[in-house]
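Welcome! Please take a moment to look over the sequence and the 3D view before reading on.

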Amino acid sequence: MKVDITDYKSIAYREAGKFEETRFEKIHNVIFESSLEASTIVAQEIASLIRDKQSQGLPCILGLATGSSPIKVYEELVRMHKEEGLSFSNVVTFNLDEYFPMDKHNIQSYHYFMHEHLFNHIDILSENINIPDGKVPADELYQFCIDYEMKIKSYGGLDFQLLGIGRTGHIGFNEPGSHLNSGTRSITLDHITRVDAASSFLGIDNVPRKAITMGIGTIKSAKRIVLLAWGNNKAQIIQQAIEGEITANIPATYLQEHHNTTFVLDHEAALELTRVKTPWLVTSCLWTNILKLKAVVWLSELLNKPILKLTDKDYNDNGMSGLLTEEGTAYNLNIKMFNQLQHTITGWPGGKPNADDTYRPERATPEKKRIIIFSPHPDDDVISMGGTFDRLVEQGHDVHVAYQTSGNIAVSDEESLKFAEIANLFEPNAEIDKIISYLKTKRESDIDCLEVRNLKGKIRRSESLGATRYLNLKDENVHFLDLPFYETGTIKKGHLTSADISIMCNLIESIKPHQIYAAGDLADPHGTHRVCLNALFMALDELKTEPYMNDCWVWLYRGAWHEWESYEIDMAIPMSPDQVLKKRHAIFYHQSQKDGVMFQGDDSREFWVRAEDRNRLTAKKYNDLGLAEYAAIEAFKRYHF
């Protein structure tokens, strides 16, 4: 799934709006293929600044952010310290914010985060680390904020400020309504901000309602600002911040007035920018086939007209005359793009036997295929592709499901206690007694003991087997991989290691699949989908020279948060009303994830409702484009490795 993006090697500031490709944009931004590459280059800029200050005998004053966005930046800085001798002895840091109230030893505190990811691994002086105190007495909070602000000013302000961005457009914890000249202060957190943090706190009820944050004025006083944004869940707010008007409702727009700010984005976070979403409105285009389809689908949706009804005037009036010049007439172009979309639709996800497969998304042979469905959590398979799963089994393929993680962290303590007490009624034993005692006395910040994690994992295993049996899959075709990176007992997961990749490779090698299905939803709020997909990609890279891999096709589905855009879909599997109901019932077997699941992201609907709504919307989009009407459609994109 290659993305055609310029290979930027620098994030050096350029004034926005001075070039044809950025005329919609008011903040300089650079788009990278991956967040890893981008993070490495940002870390290199910080390291260069530190070294430059050292050569002048001056302190380097850094403003630092927390959250998932800067983690790879910090990892690279640690690597440079250990392997290249980068010293932080002259560095003074000021963190943007901290929850209030919050003990610094709490694993959810930003004090804990910064030490775990950076400070414990470098030679920075402890007296040079400044993080807002989440336990300062309430009657001293006002003066604490003034003192924090004055200490930053005593160093002459920040040399470099690293930022993330929230879905409300907040920078630091400057929520909508924050004033341009605001300084360090306490603030009440927006509900959306608390929802986004809920997974880290195992539920929104545990997320603090207040925080201490540097102000907009404090941030804007920095000599250099770099804002990081990864994933398509940030795409909408990034577009508003870069292309919209300055407004207190989106605090990040204030950065349009800063003289040296760069937004560093991955492709997913940049998807809504005009030059990415609709480049034909910005400049002359090289009309690749995928860009033609994207443009035609966009025009059809913009004008609310089926593809076959689009006219020459429609194209000319909407900045696409160059496309018509290349294609000749709207009629010719419409037919070509309509047929391309129509050829994605099939009721045979494993290929239709004894049929001409020239225009079908899958091969007709072999008639019966060996198939692996990789599911990051023990319910993503049925949530995201339950109808296709059912079709593959019904059509006689050798289907295997591989649950990559145990999913134990997503089982509530209340659900676990219920199962433990039931087990205790049948066969009391010391281990069950220990689990019950632990759950009844567990504190908010405690990490589950091994016995509790095992119980939670078993709950999810039994639910998965219930769903797969309902879909008539044999138990021996269900594989629980329990990838080690996940088994930390906390929201924060470990890094992928050779142990994870070996487990993936061993399964693939044992089955030698003709098809692999995997979750390609990179906007997963807590990141497990992204890591599991990376594990697959790394395994495929190791195995790609094996002869059987020449006949293996990889199909990516998306999870419960986003769906592929119509122009991105390579295979669309229609579902009847009966199949929609069957998929719903399969999801219901995952009872621990119903009625108040912990990791809902920003969507309060249950997963089965989201899945049905998403599948119906995909079907409606196809119908609106002029294609056949179906009750629902599951969508897939082919990954070429």
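## About the model

This is a predicted model, in which local features need pLDDT of at least 70 and side-chain atom pairs count only at pLDDT 80 or more, while totals for chains, interfaces and linings use all residues. Residues are numbered from 1 along each chain as its sequence is written, and side-chain values use heavy atoms, with hydrogens and water left out.

## Strand β15

Let us begin with β15, a strand at residues 553-557. Strands are DSSP runs of E with at least two residues, helices are runs of H or I with at least four, and both are numbered from the N terminus. Five of the five residues of β15 are buried, so the strand is largely enclosed by the rest of the structure. Buried here means under 20% relative accessible area, exposed means over 50%, and partly exposed lies in between (1.4 Å probe, protein chains only). W553, W555 and Y557 point one way from β15, while V554 and L556 point the other way.

Strands count as paired if DSSP finds at least two bridges between them. Five bridges join β15 to β14 (residues 515-519), and these two run parallel; V554 is the bridge partner of I516.

## Aromatic rings

Rings of Phe, Tyr and Trp (its six-membered ring) pair if their centres lie within 6.5 Å; planes under 30 degrees apart count as stacked, over 60 as edge-to-face and the rest as tilted. The whole structure has 15 aromatic pairs. One of them is tilted and joins Y99 to Y110, at 5.0 Å centre to centre and 45° between the planes. Y99 sits in strand β4 (residues 97-100) and Y110 in helix α3 (residues 110-117), eleven residues apart. Both Y99 and Y110 are buried. The W553 and W555 rings have centres 6.4 Å apart and planes at 55°, so this pair is tilted. W553 has a relative accessible area of 17%, and W555 has 1%.

Ring pairs also link F94, F144, Y148 and Y155 into a cluster.

## Cysteines

How many disulfides does the structure hold? The structure has zero, a disulfide being a pair of cysteine sulfur atoms within 2.5 Å. C285 is partly exposed at 21% relative accessibility, whereas C449 is buried at 16%.
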